[in-house]
Amino acid sequence: MRFECTALSKSYETRGGRVTALDKVSFGAQGHEFIGVVGPSGCGKTTLLKLIAGLIEPTSGTVRVTRDEPNGGPSSAFVFQDHGLFPWMTVLDNVAFGLEMQGVGRRERRDRSRTFIERVGLRTFVDSYPHQLSVGMRQRVGIVRAFVTDPPLLLMDEPFGALDSQTRRVLQAELRSCGGSNAALSSS
Ligand SMILES: Nc1ncnc2c1ncn2[C@@H]1O[C@H](COP(=O)(O)OP(=O)(O)OP(=O)(O)O)[C@@H](O)[C@H]1O
Ligand SMILES: [Mg+2]
């Protein structure tokens, strides 16, 4: 897969006036690349990732995502800075949701989801709801929810911020083992 941002700009209209979050950003990436986006709070990292995911529209400029196999599921998965879990779903259902959307059968999606959940030490919490977890535990669920679908492009918004160093290492190793033509873009 490949993606290309060309002269990407995003402004928000607020009560205090117009806020320019991104101004003519151009860059691209392709499979097997890992790109880190680093910058101070408010510089536009989340905005950039959401534009690439297609969650928000640019004010001007373009994002082009080209897939190797055009018909197989969504182009990207997103790890939200604030985890973005569905509060009414259990840990297992949250993780399995993306697979359900891809049409994976119930047995297989539950098995695959359980494997990932266990790898991040949450085996006993599969049937818990997000409000019953700590911040770092919710973040782990948000990460495995994206990993489990094995997306061509993995977009992660400060994914390891609330994790202890041991869990961070486990997830970094997991990320490195993502094979195929995957690319990853992460803010930190
Ligand atoms: N929905 C919105 N409405 C109005 N302004 C917004 C909106 N989202 C972001 N902004 C503004 O755009 C700028 C960039 O915000 P963004 O969230 O992309 O920054 P960030 O680099 O991710 O920051 P942080 O490191 O704190 O998460 C900020 O000035 C912010 O106030
Ligand atoms: Mg942010």
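**Alanine 7 is found in strand E1, and its backbone has a positive phi of about 45 degrees although the residue is not a glycine.** The structure shown is a predicted model, in which local features need pLDDT of at least 70 and side-chain atom pairs count only at pLDDT 80 or more, while totals for chains, interfaces and linings use all residues. Residues are numbered from 1 along each chain as its sequence is written, and chains are lettered from A and ligands numbered from 1 in the order in which they are written. Helices (H or I, at least four residues) and strands (E, at least two) are DSSP runs numbered from the N terminus. Alanine 7 is partly exposed, with 13 other C-beta atoms within 10 Å; a residue is called buried if 20 or more other C-beta atoms, placed from the backbone, lie within 10 Å of its own, exposed if 12 or fewer, and partly exposed in between.

**Overall fold of the protein, as context for the close-up views.** The secondary structure comes to five helices and seven strands, which run β-β-β-α-β-β-α-α-α-β-α-β from the N terminus on. The C-alpha trace spans about 45 × 40 × 30 Å along its principal axes, and the radius of gyration of 17 Å agrees with the value near 16 Å that a compact globule of 188 residues would have; this radius is taken over C-alpha atoms, and the globule rule is 2.2 Å times the number of residues to the power 0.38. Buried residues make up 32% of the 188 residues. Among contacts between residues at least 6 apart in sequence, 72% join residues at least 24 apart, where two residues are in contact if their C-beta atoms, placed from the backbone, lie within 7 Å.

**Helix H1 (residues 45-53) and the strands around its buried residues.** Lys45, Thr47, Leu48, Leu49, Leu51 and Ile52 of H1 are buried. These buried residues pack against strands E1 (2-14), E2 (17-30), E3 (34-37), E4 (60-66), E6 and E7 (183-187). Just after the helix, glycine 54 takes a positive phi of about 80 degrees.

**Packing of helix H2 (residues 91-101) on helix H4 (residues 135-147).** The two helices pack at an angle of about 30 degrees with their axes 7 Å apart, where axes are lines fitted to C-alpha atoms, for helices over the stretch in contact, and angles run from 0 to 180 degrees between N-to-C directions. That angle makes H2 roughly parallel to H4, given that angles under 35 degrees count as roughly parallel, over 145 as roughly antiparallel, 65 to 115 as roughly perpendicular and the rest as oblique. H2 passes H4 in a right-handed crossing; a crossing is right-handed if the near helix is turned clockwise from the far one by less than a right angle, and left-handed if anticlockwise. Val91, Asn94, Val95 and Gly98 of H2 meet Val141, Val144 and Arg145 of H4. By class, this contact has four nonpolar, two polar and one charged residues, with Ala, Val, Leu, Ile, Met, Phe, Trp, Tyr, Cys and Pro counted as nonpolar, Asp, Glu, Lys and Arg as charged, and the others, Gly among them, as polar.

**Packing of helix H2 on helix H3 (106-119).** Here the angle is about 125 degrees and the axes lie 9 Å apart, which makes H2 oblique to H3. H2 passes H3 in a right-handed crossing. The contact is made by Val91, Leu92, Val95, Ala96, Leu99 and Glu100 of H2 with Arg109, Arg110, Arg112, Ser113, Arg114, Phe116 and Ile117 of H3, and by class it has seven nonpolar, one polar and five charged residues. Within H2, Val91, Asn94, Val95, Ala96, Gly98 and Leu99 are buried, and what covers these residues includes strand E5 (76-79), H3 and H4.

**Arginine 110 in helix H3.** Arginine 110 is partly exposed, with 18 other C-beta atoms within 10 Å. Leaving aside neighbours within four places in sequence, arginine 110 is in contact with Leu92 and Ala96. Its C-alpha atom is 8.1 Å from that of aspartate 93, a residue 17 places away in sequence.

**Leucine 153 in strand E6 (residues 153-157).** Leucine 153 counts as buried because it has 25 C-beta neighbours inside 10 Å. Not counting residues up to four places away in sequence, leucine 153 touches Met1, Phe3, Val65, Ser75, Ser76 and Ala183. The C-alpha atoms of leucine 153 and glutamate 33 are separated by 9.7 Å, although the two residues are 120 apart along the chain.
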